[in-house]
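Notebook open, structure loaded. I went through contacts, rings and surface, and jotted down what I looked up.

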Amino acid sequence: MKYRLNRLNQYPFMTVGLIAIMVLVYGAMTLDGGSTSANVLITFGAKLNPLIQQGEWWRLFTPMFLHIGFTHILMNMITLYFVGIQIEAAFGHTRFLALFLVSGVGGNVASFCFSNSLSAGASTAIFGLFGAFMMLGESFWQNPVIRQLAQTFLAFVVMNIIFDLFAPGIDLAGHIGGLAAGFLVAYSLGVPRIGKVSVVKRVVATIVLIGGLVWLYMHGMAQ
């Protein structure tokens with residue numbers, strides 16, 4: 001994909017900044033007792049349904065900045081960097097950040113509704129970036145570069161979901177929730193650097209996104 005951007009706009013400082021924050025948080029968790037410690041995870045804001053039901057709603061936001069073990073953060077940061085720089089270039093810095101954060105929250109809300117497990121990780125938001133690629137593929141299928149990228153990431157997403165079904169300890173609900181949220185947020189935000197998106201699609205996506213998040217949250221609170 002080619003964009004007419006100045007050098008500042010080309011630098012993915014949102015992606016790099018998010019990675020830096022997560023590395024710093026991981027270091028703080030390590031010093032505080034280890035990122036695999038349940039107590040440390042809870043202290044730093046991991047998703048834990050009973051605490052959310054008691055009013056600690058920020059646990060739907062903070063888990064995307066936490067990781068459980070070195071392999072977890074290493075794999076997520078590598079993926080975030082290579083996917084993030086492409087999505088940030090396409091959507092712009094502000095839209096990219098909004099997409100990342102809302103997707104992360106969306107994935108955590110889905111996890112809150114469908115999974116009782118303690119969970120953390122940026123993968124809910126990263127799957128949202130995959131969802132943004134799906135949106136680009138649907139909206140700009142005539143562009144051969146976008147079409148190829150969308151097909152590649154669709155195959156990657158399918159393989160990951162199949163892996164999630166058989167791997168223990170994976171928050172499948174969070175991944176699917178983040179994917180869906182990212183797809184809808186991408187429509188809601190639009191992508192003017194590439195082209196126009198139908199106003200009707202943007203409005204419908206926004207309504208579905210807000211309605212879905214509210215329903216999932218209320219259902220989780222009622223459990």
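Predicted model: local features only at pLDDT ≥ 70, side-chain atom pairs only at ≥ 80, totals over all residues.

Started with Asn108, which I found in helix 6 (residues 93-114); helices here are DSSP runs of H or I with at least four residues, numbered from the N terminus. Looked up its cover: Asn108 is buried at 2% relative accessibility. My cut-offs for that are under 20% relative accessible area for buried, over 50% for exposed and partly exposed in between, with a 1.4 Å probe and protein chains only. What does the side chain of Asn108 reach? I get the backbone oxygen of Leu60, at 3.0 Å.

Residues are numbered from 1 along each chain as its sequence is written, and side-chain values use heavy atoms, with hydrogens and water left out.

Salt bridges next. I took a side-chain nitrogen of Lys or Arg within 4 Å of a carboxyl oxygen of Asp or Glu, and the structure holds two. In one, Arg59 pairs with Glu56, the closest N and O atoms being 2.6 Å apart. Arg59 is buried at 6% relative accessibility, whereas Glu56 is partly exposed at 21%. Glu138 and Lys201 also form a salt bridge, with 3.3 Å between the closest N and O atoms. That pair links distant parts of the chain, since Glu138 is in helix 7 and Lys201 in helix 10 (residues 199-222), 63 residues apart. Both ends checked: Glu138 is partly exposed at 43%, and Lys201 is partly exposed at 36%.

Then the rings. I counted Phe, Tyr and Trp (its six-membered ring) as paired if the centres lie within 6.5 Å, with planes under 30 degrees apart called stacked, over 60 edge-to-face and the rest tilted. How many aromatic pairs does this rule give? The count comes to ten. One of them is Phe61 with Phe65, a tilted pair at 5.5 Å centre to centre and 50° between the planes. Phe61 is partly exposed at 35% relative accessible area, but Phe65 is buried at 13%.

Buried or partly exposed, then, for Phe130? Buried, with a relative accessible area of 1%; Phe156 is partly exposed at 33%.

Another ring I checked was Trp141: the charged end of Arg147 sits over it, 5.7 Å from the ring centre. The test was NZ of Lys or CZ of Arg within 6 Å of the ring centre and within 35 degrees of the ring normal.

Last stop, helix 3 (residues 38-44), where Ala38 has its place. Ala38 is partly exposed at 40% relative accessibility. How far apart in space are Ala38 and Ile68? They are 9.3 Å apart, C-alpha to C-alpha, and 30 residues apart in sequence.

Technical notes: Helix = DSSP H or I, 4+ residues; strand = E, 2+ residues; numbered from the N terminus. Polar contact = N/O pair within 3.5 Å; in protein donor to acceptor, adjacent residues only side chain to side chain.
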